[in-house]
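Here is a report on the voids, the ligand site and a few local features of one model. Please read it alongside the coordinates.

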Amino acid sequence: MSIYLDHAATTPLSERAFEAMKPYFCDVFGNPNSQHVFGRDAAKAVGEARQTIASLIGAKTGEVYFTSCGTEADNWAIKGAAMQYRDKGKHLITTQIEHPAVYTTCKQLEKLGFEVTYLPVDNEGFVSCEDFEKAIRDDTILASVMFANNEIGTVEPIKQLAEIAHRHGVIFHTDAVQATGAIRYDVKELGVDMLSMSAHKFYGPKGVGALYLRNGLKMEKFITGGEQERAHRGGTTNTPGVVGLAEALKEALETLEEDNAHIRSMRDHFVEGVLNEIDDIYFNGAKDFSKRLPNNANFSFRFIEGESILFSLDLAGISASSGSACSSGSLEPSRTLLAIGVPVGTAHGSIRFTFGKHNTMQEVDYTLDQLVRIVGRLRAMSPLYNKH
Ligand SMILES: *Cc1c(COP(=O)(O)O)cnc(C)c1O
C-alpha cells in the first residue's frame, strides 16, 4: 500500500494536463520564436496558454510571464523589483515564515546592501496588518508576503496588506504557489502587483511556473538572452510545460469546490481523530479553518522526533513530510514553526500531512490508526516521555 499525503511538496500530473501536453513534445515541437509554420504552431499554443491563465486569474494576457518554476518567479519578482527601484530605496518587507524561494532571496539582497524587515507572525501564523504598516519606511520599495503558508497552511490577509502597501507607495508581491488551485482569486480584486505560481502544486507538470506582473509596473529583465517573455526572460519557452500549466489550472478551478469539499472532509476527520486519540501534541497553524488551506494538517508530537515518525510512517506505506520538503534533510528546526512559537525541541517532532483529491477516507483512517500506533511505540521508547 502506498498513501501519498504530501501534496504541498508536489502533486501527480493530471490526466487532462498530460493529454493536453502530449502533442507538444514530438509533433508540434517548433521553437515558438521561429518564423515558420513549426514556430507559429508552437507560438499559438503558448499564446493560448497565456490567455487561459490570464483569464483564470483575472489578469490581462500581457501580464502573465512564464518561468521555469515557482522559485524562479519569486526570485524574479523580488530581485527584479529591488534592482529596478534601488534608487528609490533600499528597504524590503517580508515575513519570517516565507518559503526559502523568498526568504533566501531576501537574505541574498541583504548581502547586496538592501535592508530587509522579516515580520513576525502570531501563534497561528498570521501577519498583523498593524505590524505591516508600522514596518513601512520612506525608503521601502517592496513587500512580499505569501498567500498561504506551505507548512502550516495559514492564509494571509493579502488584500488588506496590498492595500496598505499601496497607500504608502510600496510594491506588493505575493507567493501564491500554495494558494493557486486551492483558493479562487482574482489578481485585480486582490490588488497585488506581482504574484507567483507553480504548475506542479496543482496537478500540472514540474519545471514550469508563472509570474503575474501588473501592467505598467516597470521591472528589470530577469534572465537576459533572447526576446522571449517580452524580452524580460530569455530562454526558449517550455511549450508542453506552459500548455500543461494552463490545462491544470483550468481543471483545478473547474472542480475547485468539489475537490476542496472532499479534501476538507478528509483533513477535518483526520485532525479530529489525531486530537482525540493522541495526547501532548500541538496542532499548528490557523484554528479557524476558513483561514487555512483545505488540505493542510500539521502537528508537533512532544517527546519524539519527527524523523522517526516519518520513517515509521514510510514503513507503513504512508508518505508525509517533516517540516517543509525543502528543509528536510537538514537538522535545523523549521523557521515557520519557531516563528509561531513552537519550542525548538517540539518543532523537531513535527509532521505535515497534506491531502489531495485522489486520497480516500479509507486511507485517512488507515493513516490515523498507524499514526496512533507509531506515536505510542516511539513514546514508549522515549526517555523524555517516560520522565514527564
Ligand atoms: C513549492 C513552493 C515554492 C517553489 O516552487 P517550485 O516550483 O517548486 O520552485 C515556492 N513557494 C511556495 C509557498 C511553495 O510551496
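## T11 and its polar contacts

A polar side-chain atom of T11 lies 2.7 Å from the backbone oxygen of H200. The T11 side chain also reaches the backbone nitrogen of Y203, at 2.7 Å. A polar contact here is a pair of N or O atoms within 3.5 Å; within protein, one must be able to donate a hydrogen and the other to accept it, and residues adjacent in sequence count only if both atoms are side-chain atoms.

T11 sits in the loop between β1 (3-4) and α1 (15-21). Helices (H or I, at least four residues) and strands (E, at least two) are DSSP runs, numbered from the N terminus. T11 has a relative accessible area of 3%, so T11 is buried. The cut-offs are under 20% relative accessible area for buried, over 50% for exposed, and partly exposed in between (1.4 Å probe, protein chains only).

## Basis of the values

The model is predicted: local features need pLDDT of at least 70, side-chain atom pairs count only at pLDDT 80 or more, and totals for chains, interfaces and linings use all residues. Residues are numbered from 1 along each chain as its sequence is written, and side-chain values use heavy atoms, with hydrogens and water left out.

## Ligand surroundings

There are 13 residues around the ligand. T71, D175, Q178, S198 and K201 come nearest. A residue is near a molecule or strand if one of its heavy atoms lies within 4 Å of it.

- T71: a side-chain N or O atom is 2.5 Å from an oxygen atom of the ligand.
- D175: a polar side-chain atom lies 2.7 Å from a nitrogen atom of the ligand.
- Q178: a side-chain N or O atom is 2.7 Å from an oxygen atom of the ligand.

## The largest pocket

The largest pocket holds about 350 Å³ of space. The search runs on a 1 Å grid over the protein atoms alone: a cavity is a set of points where a 1.4 Å probe fits but cannot get out, and a pocket is an open set with protein on both sides within 12 Å along at least five of seven lines. Lining residues have an atom within 4 Å of a point. Grid points are joined across faces, edges and corners, and a volume is the space filled by probe spheres set on the points.

The lining of the largest pocket has 22 residues. F147, V155, E156, I183 and R184 lie nearest its centre. By class, 11 of the lining residues are nonpolar, three polar and eight charged. Ala, Val, Leu, Ile, Met, Phe, Trp, Tyr, Cys and Pro count as nonpolar, Asp, Glu, Lys and Arg as charged, and the others, Gly among them, as polar.

α7 (158-167), α8 (187-190) and α11 (256-277) each supply at least two lining residues. α7 gives the most, with three. Why does the largest pocket lie between domain 1 and domain 2? Domain 1 (3-10 + 256-387) and domain 2 (15-254) both give residues to the lining, so the pocket lies between them. The domain bounds come from an automatic or database domain assignment.

## Two cavities

The count of cavities of 30 Å³ or more comes to two. The largest cavity has a volume of about 260 Å³. Its lining has 22 residues, of which G181, A182, K201, Y203 and N295 lie nearest the centre. The classes are 11 nonpolar, eight polar and three charged. α11 gives the most to this lining, with four residues. Domain 1 and domain 2 each supply at least three residues.

The second largest cavity has a volume of about 40 Å³. L56, I57, T180, G181, I183, R184, Y185, L249 and L253 line it. Six of these are nonpolar, two polar and one charged. α3 (37-57) and α10 (239-254) each supply at least two residues of that lining.

## Backbone points

E229 is not a glycine, yet has a positive phi of about 50 degrees. E229 lies in helix α9 (residues 228-231). Its relative accessibility is 6%, so E229 counts as buried.

D280 is not a glycine either, and has a positive phi of about 55 degrees. D280 lies in the loop between α11 and β9 (281-283). With a relative accessible area of 24%, D280 is partly exposed.

G58 lies in the loop between α3 and β2 (64-67). At 24% relative accessibility, G58 counts as partly exposed. The C-alpha atoms of G58 and A42 are separated by 24 Å. These two residues are 16 residues apart along the chain.
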